[in-house]
Amino acid sequence: MLIYILFAMIVIFAIEGIQIKNKKIKKVSQISILVIFYLIAGMSYKIHNDYFIYEDIYRKINFSNLKYINWEKGYVILNAIFNNFLEFYNFKSLIYLVNIFLIYKGLKKILIQEKVYLILGLMYLLFGQFYSMYLSAFRQSIAIAIFIYSLSYIINRRLISYTLSIILAFFFHKSAIILYPVYFIFSNKLKIKMKANIFLYVILNILVVIPQITRNIVLSFEKIVGLLKLGTLSESYLIKESNLEIKNIIFNIFLFILYEYLNSKKENYFINKILFCYLIIEILSKIVGVFYRVEIYFTVFYCIFIVELFFKCNKNIIFKLIRISLVLFLGLNYNLKLIIYDYKERGAYIPLHFTFERIYKNIRYQDTAEYKHLLERYESNNNLRELKEKNEKNYIRKEGV
């Protein structure tokens with residue numbers, strides 16, 4: 001746990017370090033954020049049970065059985081190519097290296113470099129809202145990176161380029177299809193004001209606790225999925241008990257009002273629109289289970305908004321103190337809180353091992369977080385045959401079936 005605390009503190013200090021004038025501190029802060037953002041996702045070793053599935057199936061994929069693997073074909077093809085000469089955790093490290101390159105380049109095309117690093121830092125601090133899913137949802141992490149890379153196509157109104165990007169992302173995770181309508185929200189003709197976002201956010205949070213409304217939304221979404229032939233959704237991916245999450249709602253409303261106050265002279269319609277997109281998905285994630293997976297695409301919008309707010313907080317010392325308090329809250333309420341909860345409840349994330357540790361020491365499987373995480377699901381974890389058989393049944397269709 002200490003290493004997660006250390007990483008969170010480094011990112012918190014780095015976010016502040018980026019915003020000061022000293023070039024050396026600024027550079028060290030930028031590198032620190034970049035390294036930590038990659039290190040946890042790219043180099044982590046057996047810290048989550050999802051990777052047991054990915055590693056097991058990785059070894060079994062080849063070009064003769066591609067069509068029988070129940071995963072998106074883009075990801076399956078990558079497996080078939082790389083499992084000939086890379087072991088799984090080296091493959092995982094490579095994929096996340098490409099991911100961070102796409103994310104960095106995508107953000108750099110639309111923002112100044114300083115803001116790019118701040119957004120990466122914020123996405124890491126939002127361990128509960130973004131990073132835990134980016135870390136464990138391996139296939140979806142590729143779709144996330146492609147989407148962030150394609151953001152300039154939305155801003156520059158390049159519909160064909162954006163369409164091709166979303167099609168590519170779809171071949172790594174089907175949830176990417178929800179991203180396509182985003183392009184049309186950013187039409188130059190559409191004007192969204194921050195006050196409208198605040199009002200909408202309050203009203204929607206009240207409406208989602210009304211059972212009849214939430215039931216109709218779930219049923220409508222199920223019908224849309226059926227019409228688009230995207231497969232069937234389990235009950236956990238459909239029905240989610242809505243709750244007001246009072247602390248988070250108050251926190252967000254505070255951020256929106258603070259931004260409105262600091263930006264009262266002129267509306268920034270780009271920021272207003274990205275926030276509008278995030279708010280809609282965030283509300284839906286409280287009702288429909290699968291939108292919890294969709295929300296992580298839009299967390300980058302939330303982070304862009306917060307970074308814009310941070311820059312406006314440089315107005316005077318009082319607002320700078322508010323900014324520091326906000327960063328501390330994000331780190332403690334989302335990052336460390338989620339890690340502690342998941343470790344206590346499911347055994348995930350702790351102890352933290354890195355792939356490169358295997359070069360100089362032997363890591364026993366029983367000493368990994370993946371082993372502890374799997375114990376929650378399978379009592380007879382000493383023999384992994386049951387799990388491997390279940391993987392084959394769930395993810396590899398028999399020929400002719």
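1. Buried here means under 20% relative accessible area, exposed over 50%, and partly exposed in between, with a 1.4 Å probe and protein chains only. Tyr349 falls in the buried class, at a relative accessible area of 1%.

2. Basis of the note. The model is predicted: local features need pLDDT of at least 70, side-chain atom pairs count only at pLDDT 80 or more, and totals for chains, interfaces and linings use all residues. Residues are numbered from 1 along each chain as its sequence is written, and side-chain values use heavy atoms, with hydrogens and water left out.

3. Helices (H or I, at least four residues) and strands (E, at least two) are DSSP runs, numbered from the N terminus. Tyr349 sits in the loop between helix 18 and helix 19. Its phi is positive, about 75 degrees, although Tyr349 is not a glycine. The loop between helix 18 and helix 19 (369-375) also holds Pro351, which is joined to Ile350 by a cis peptide bond with omega of about 5 degrees. For context, most residues other than glycine have a negative phi, and most peptide bonds are trans.

4. Arg157. This residue is placed in the loop between helix 9 and helix 10 (159-170). Arg157 has a positive phi, near 55 degrees, and is not a glycine. Its relative accessibility is 27%, so Arg157 counts as partly exposed.

5. Asn335. Helix 18 (residues 317-346) contains Asn335, which is buried, with a relative accessible area of 0%. A polar atom of the Asn335 side chain lies 3.1 Å from the backbone oxygen of Tyr124. That is a polar contact (a pair of N or O atoms within 3.5 Å; within protein, one must be able to donate a hydrogen and the other to accept it, and residues adjacent in sequence count only if both atoms are side-chain atoms). Leaving aside residues up to four places away in sequence, Asn335 touches Ala8, Tyr124, Leu125, Phe127 and Leu330, where contact means heavy atoms within 4.5 Å.

6. Helix 7. Phe127 is one of the buried residues of helix 7. In this helix (residues 127-136), ten of the ten residues are buried, so helix 7 is largely enclosed by the rest of the structure. The buried set includes Gln129, Ser132 and Ser136 as well as Phe130, Tyr131 and Met133.

7. Cavity. A cavity is a set of points on a 1 Å grid over the protein atoms alone where a 1.4 Å probe fits but cannot get out, and lining residues have an atom within 4 Å of a point. Grid points are joined across faces, edges and corners, and a volume is the space filled by probe spheres set on the points. The count is one cavity of 30 Å³ or more, and the largest cavity holds about 50 Å³. Its lining consists of Ile110, Leu151, Ile154, Ile155, Phe186, Phe270, Ile274, Phe301 and Ile304. Two or more lining residues come from each of helix 9 (151-155), helix 16 (269-284) and helix 17 (291-312), with helix 9 giving the most, three residues.

8. Cysteines. The whole structure has zero disulfides, a disulfide being a pair of cysteine sulfur atoms within 2.5 Å. The sulfur of Cys277 has its closest cysteine sulfur in Cys303, 15 Å away, which is too far for a bond. Both residues are buried: Cys277 has a relative accessible area of 3%, and Cys303 is at 0%.

Definitions and conventions
On a 1 Å grid over the protein atoms alone, a cavity is a set of points where a 1.4 Å probe fits but cannot get out, and a pocket is an open set with protein on both sides within 12 Å along at least five of seven lines; lining residues have an atom within 4 Å of a point.
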